Amino acid sequence: MSFSLVIQPHDVLLFRDGKPFSAGADIRARSLFPPTPFTIQGAIRARMLFSSGVSPADYAQGTTQAHNLRQLIGLPQGSYGQLRLRGPFLCQQENGRWVRYFPLPADVVCLKGAYTLLQPLKEPPWRSNLPDNLQTSWIRTAEHLEEARGWISEEELQGYLQGRAPGKVHEEPEFVEREHRFGIAMEWERRTVRESYLYLAEFLRLKEGVAFWIDVEGISETDLGETTGFLQLGGEARAAYYEVQEPGTDSLLTPRNKLPQRFKVVLLTPAWFSGGWQPKSGNWAQFFNAPKDSVRLVSAIIPRYQAIGGAYVDDGRRKGSFQKPMRRFVPAGSVYFFEHDDTASWVGRPFTETPSGEGDYGQIGFGTCVIGEWNYA
């Protein structure tokens, strides 16, 4: 069972960045764009709970009425049942069809107004403090390089994975506008405002025809109740319209039975590792069908970490609570360069680990990646 969902907001959206925020103590609440898999899985699971007819109390307590639902979407904490997600990705309606857009890989840089690719430099003629004998990312030029950020289309990503630099990079304002709105905290017991508790919240307004694309497995379309409908998305439970799409053939994310001797992993969604940007064990072969130590990391290009997690909440109703712990994730767009001894293959496993005691991060969309080839500079 597999299908895709397109989710279009009907209003501005708020995807809190997870940093502690309390009106009066902090003045500004910022939004993430795009939302993380945590946000998307919560919206889909809530929609399925609503459509099932099972009460939230029965679901939380695990009564007989909630048995089938728990098999589908897992427990309130710690598991996700049969549900499998991939994404979210940006998409835009063009000429009557949805075109997906993906984060620009971090090895793409701008040189004299054009985009080009960085490559590992074999046996550089200098010493560095890079860990584990990693190679420097390099391009042979004396010109100034500029950092590039944004999104590229599915077609451009296909060309990139074949070794071509993208010709066009789309920037954030093409997809979304950020709006700042003032608010004031409430005295819920007295149903009035709290004096001197003014704050500024950053909302997101998606451009016309822009939406979020999510691939879904493990459940059927009927588990959502209808193939089209509404769900609550992000902070303040803003309304969004969803529509089921045919999954089609996805050559980008299809597992490759055999990997090239030099391959690179490009993250399309954030990933978490026990050692920060890598597994503590140092065993990269666990993500591929390969013997231990047969896959060697040659280089990596990783932008600044992305902090994702819960936040301390104190709005007068919940009396303060922690949701998910704040953790540092490797951001989407990060690139890892590998070599192997001709024994590795990619079985489509998400490129991420999961903290002990939490539900599988890869199961809800973290660590979604694509595979490309590379050569030394």
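Glu-179 forms a salt bridge with Arg-205, the closest N and O atoms lying 2.5 Å apart; by salt bridge I mean a side-chain nitrogen of Lys or Arg within 4 Å of a carboxyl oxygen of Asp or Glu. This pair links distant parts of the chain, with Glu-179 in strand β11 (residues 176-187) and Arg-205 in strand β12 (residues 192-206), 26 residues apart. Helices (H or I, at least four residues) and strands (E, at least two) are DSSP runs, numbered from the N terminus.

A word on the source: this is a predicted model, where local features need pLDDT of at least 70 and side-chain atom pairs count only at pLDDT 80 or more, while totals for chains, interfaces and linings use all residues. Residues are numbered from 1 along each chain as its sequence is written, and side-chain values use heavy atoms, with hydrogens and water left out.

Arg-205 counts as partly exposed because its relative accessibility is 33%. The cut-offs are under 20% relative accessible area for buried, over 50% for exposed, and partly exposed in between, with a 1.4 Å probe and protein chains only.

In total the structure holds 13 salt bridges. Another of them joins Glu-339 to Arg-262, with 3.1 Å between the closest N and O atoms. Here too distant parts of the chain are linked: Glu-339 is in strand β20 (residues 335-340) and Arg-262 in strand β16 (residues 262-267), 77 residues apart. Glu-339 is buried at 16%, and Arg-262 is partly exposed at 25%. The charged end of Arg-262 also sits over the ring of Trp-374, 5.9 Å from its centre. For that I require NZ of Lys or CZ of Arg within 6 Å of the ring centre and within 35 degrees of the ring normal. Arg-70 lies over the face of Tyr-59 in this way, 5.7 Å from the ring centre.

Glu-358 forms a salt bridge with Arg-327, the closest N and O atoms being 2.3 Å apart. Glu-358 lies in the loop between β20 and β21 (369-373) and Arg-327 in strand β19 (residues 327-329), so this pair ties together parts 31 residues apart in sequence. There is also a network of salt bridges linking Arg-86, Arg-100, Glu-154 and Asp-215.

Next, the aromatic rings. The structure holds 31 aromatic pairs. Rings of Phe, Tyr and Trp (its six-membered ring) pair if their centres lie within 6.5 Å; planes under 30 degrees apart are stacked, over 60 edge-to-face, and the rest tilted. How are Phe-288 and Phe-338 arranged? Their centres are 5.8 Å apart and their planes at 70°, so the pair is edge-to-face. Phe-288 is buried at 6%, and Phe-338 is buried at 0%. Both belong to one aromatic cluster, whose members include Phe-263, Trp-284 and Tyr-336.

Last, the backbone. Most residues other than glycine have a negative phi, and most peptide bonds are trans. The peptide bond from Phe-33 to Pro-34 is cis, with omega near -5°, and Pro-34 is in the loop between β2 (28-29) and α1 (37-52). The bond from Gly-87 to Pro-88 is cis as well, with omega near 10°; Pro-88 is in strand β3 (residues 84-94). Lys-112, not a glycine, has a positive phi of about 55°, and it is exposed at 68% relative accessibility. Asp-293 has a positive phi near 70° and is exposed at 64%.
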